[in-house]
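Dear colleague,

Please find the structure below, handed over for your review. A short account of the findings follows it.

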Amino acid sequence: MSQAILKLENIEAGYERQRVLHNVNLDVFANDFIGVIGPNGGGKTTLLKVMLGLLSPFSGKVTFLDPKTVIGYLPQVNSIDKQFPINVLDVILSGLGKRRKWWHPLPTSILKKAYALMELSGLSGMHNKAIGELSGGQMQRVFLCRAIINDPQLLILDEPNTFVDKNFEEDLYQILSELNERMAIVLVSHDIGTISSFVKTIACVNGNLHYHPANKITNEMLKSYNCPVEIISHGTIPHRVLKNHNNHD
Amino acid sequence: MTDFIDLFHYSFFQNALMAALLTSLIAGIVGAYIVARRSVFISGGITHASFGGIGLAYYLGWPPFLGAAAFAILSALGIEWGTQRMKIREDSSIAILWSLGMAIGIIAVFMTPGYTPNLMGFLFGDILTVNPADLIILAIWSLILLAGVIVFYRPVLYTAFDSEFAQVSGLPVKFIRYMTAITVAISIVLAIKVMGIILVLSLFTIPQATANLFYKDLRDIMWLSVLVAVGGSILGLVTAYFLDIPSGASIIFTLTLIYAITKCIKTILLFKS
Ligand SMILES: Nc1ncnc2c1ncn2[C@@H]1O[C@H](COP(=O)(O)OP(=O)(O)OP(=O)(O)O)[C@@H](O)[C@H]1O
Ligand SMILES: [Mg+2]
């Protein structure tokens with residue numbers, strides 16, 4: 001087997017007052033598609049922040065095979081100021097990071113790419129809209145474009161399906177499956193029933209991390225992992241219905 | 001009318017006009033950034049903390065604007081550092097530095113023997129005493145600022161919008177935050193000469209509110225704020241001269257009037273369509 005592009009070893013992490021992650025180990029390989037599940041407050045976002053280098057762990061090691069690994073990131077909707085005066089195109093271009101020389105005018109190839117991504121995610125004609133004028137779902141699409149415009153080797157998504165309608169959710173998973181041929185994907189979602197048909201493997205995060213090297217999951221398994229989430233499912237997306245439930249989150 | 005034209009021949013008025021122009025340019029650009037980042041309160045803290053520097057400079061016999069700049073920069077960095085590293089609530093660290101700066105200033109002025117000449121000028125602005133050296137400093141800073149905006153617009157915008165994402169995408173976020181904090185501090189201190197500590201923030205916020213009525217993109221808000229600030233401050237300055245009222249206050253009235261009229265026109269147009 002090839003080497004992991006990202007290795008987490010014995011991670012202990014959290015915030016001043018609170019240790020959230022205990023002894024977490026995870027290897028991410030180049031063509032992985034890992035679905036991260038777990039209860040609210042279980043530490044999923046914290047885990048992603050450790051991977052992204054936004055939070056230094058108390059102890060343990062985060063190692064990238066290639067220190068220059070390009071990472072794409074779609075944050076959980078929360079901290080962004082929706083009144084901020086920035087338009088859709090600029091948000092998407094911000095995904096390019098430091099790759100460009102800032103004072104050079106934008107090359108048309110990059111603009112074309114941004115417009116292609118907008119078309120792909122159903123945002124055609126919205127490049128000039130202020131971010132505050134978008135619906136929640138449209139905003140998520142913009143953030144998806146921003147996350148992938150730099151052709152990352154590792155794509156990290158924190159609940160990308162929040163606010164997104166079922167139609168686009170189908171497109172979203174289709175897009176992700178295609179992207180997965182070129183990049184590793186780590187995706188947090190509460191919609192386990194749906195993601196289990198798209199992801200290749202599953203990680204349950206509830207303080208510690210249980211890695212399940214297949215995408216078939218059952219409620220019994222989750223119980224043995226001490227991962228108190230229930231498998232829910234709805235909509236027209238192909239899925240494995242194990243239990244119906246409709247008041248998650 | 002001849003009065004009006006004569007006015008522009010006086011060198012003190014030409015200086016005042018130039019100062020108003022350059023200060024408006026600086027305040028228009030920097031203010032748009034401040035408002036976008038929702039850091040108007042931070043800027044208030046920096047402004048008032050700088051009074052400590054002015055007082056101390058008087059006491060020690062140094063150039064007051066050097067003291068103001070030092071205090072402004074230190075408090076800008078202090079707020080940034082206190083909230084980032086020490087996890088102090090931002091509004092608390094602002095309030096502490098705000099009042100501490102004023103207190104230091106008052107004590108220093110109180111202890112300085114004799115009469116402290118330009119105290120009112122520092123509090124409320126004194127545009128008619130602007131001298132060529134002030135103008136040169138304003139002009140140099142305007143050029144630096146313009147160059148900075150042209151070169152670093154995008155990384156600064158991205159960091160202000162979503163600093164976690166900016167950090168992941170490889171931008172030197174900490175460096176950018178400290179540099180922009182220093183830029184804001186210097187810009188405010190330079191504007192104090194024209195507007196005074198108490199009134200200066202108006203030039204950094206009212207034109208931006210007007211521009212925000214029309215635009216939702218930082219770039220557009222920046223240039224329109226500059227235009228509104230320039231127009232408002234020149235109009236305010238001329239009014240101040242003819243009515244013989246303090247220029248800073250007159251400029252604020254003009255800016256507010258422009259905002260109110262624009263807002264009304266916009267509301268009426270919206271209502272009609
Ligand atoms: N910035 C922070 N400062 C202090 N504590 C935090 C911070 N962010 C999260 N926590 C705490 O860490 C724990 C894990 O939070 P985290 O955001 O990782 O959960 P999560 O699994 O992503 O939950 P959700 O499903 O709600 O998104 C929670 O108990 C939370 O209170
Ligand atoms: Mg989370």
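Please note that this is a predicted model. I begin with the lining of the largest pocket, whose residues comprise 13 nonpolar, 10 polar and 12 charged. That pocket holds about 1400 Å³ of space. Its lining is made up of 35 residues, and B:Gln84, B:Lys87, B:Ser163, B:Glu164 and B:Arg177 lie nearest its centre. Both chains take part: β1 (6–15) of chain A supplies at least two lining residues, as do each of α2 (11–36), α4 (64–84), α7 (132–161), α8 (163–168) and α9 (173–212) of chain B.

The second largest pocket has a volume of about 600 Å³. It is lined by 26 residues, of which B:Gly148, B:Phe152, B:Val156, B:Thr180 and B:Thr183 are the closest to its centre. In chain B, α2, α7, α9 and α10 (218–243) each provide at least two residues of this lining, and α7(B) gives the most, with 10 residues. The lining of the second largest pocket consists of 23 nonpolar and 3 polar residues, with no charged ones.

Finally, there is a metal site in chain A. The magnesium ion (ligand 2) is coordinated by A:Thr45 through OG1 and by A:Gln76 through OE1, at 1.9 to 2.3 Å. These two residues are 31 residues apart and link distant parts of the chain: A:Thr45 belongs to helix α1 (residues 44–52), whereas A:Gln76 sits in the loop between β5 (71–74) and α2 (88–93) of chain A. A:Thr45 counts as partly exposed because its relative accessibility is 22%. A:Gln76 is likewise partly exposed, at 24% relative accessibility.

With kind regards

Conventions. Residues are numbered from 1 along each chain as its sequence is written. Chains are lettered from A and ligands numbered from 1 in the order in which they are written. This is a predicted model: local features need pLDDT of at least 70, side-chain atom pairs count only at pLDDT 80 or more; totals for chains, interfaces and linings use all residues. Side-chain values use heavy atoms; hydrogens and water are left out. On a 1 Å grid over the protein atoms alone, a cavity is a set of points where a 1.4 Å probe fits but cannot get out, and a pocket is an open set with protein on both sides within 12 Å along at least five of seven lines; lining residues have an atom within 4 Å of a point. Grid points are joined across faces, edges and corners, and a volume is the space filled by probe spheres set on the points. Helices (H or I, at least four residues) and strands (E, at least two) are DSSP runs, numbered from the N terminus. Ala, Val, Leu, Ile, Met, Phe, Trp, Tyr, Cys and Pro count as nonpolar, Asp, Glu, Lys and Arg as charged, and the others, Gly among them, as polar. Donors are N, O and S atoms within 2.8 Å of the metal (3.2 Å for Na, K and Ca); water is not among the atoms, so sites may look incomplete. Buried means under 20% relative accessible area, exposed over 50%, partly exposed in between (1.4 Å probe, protein chains only).
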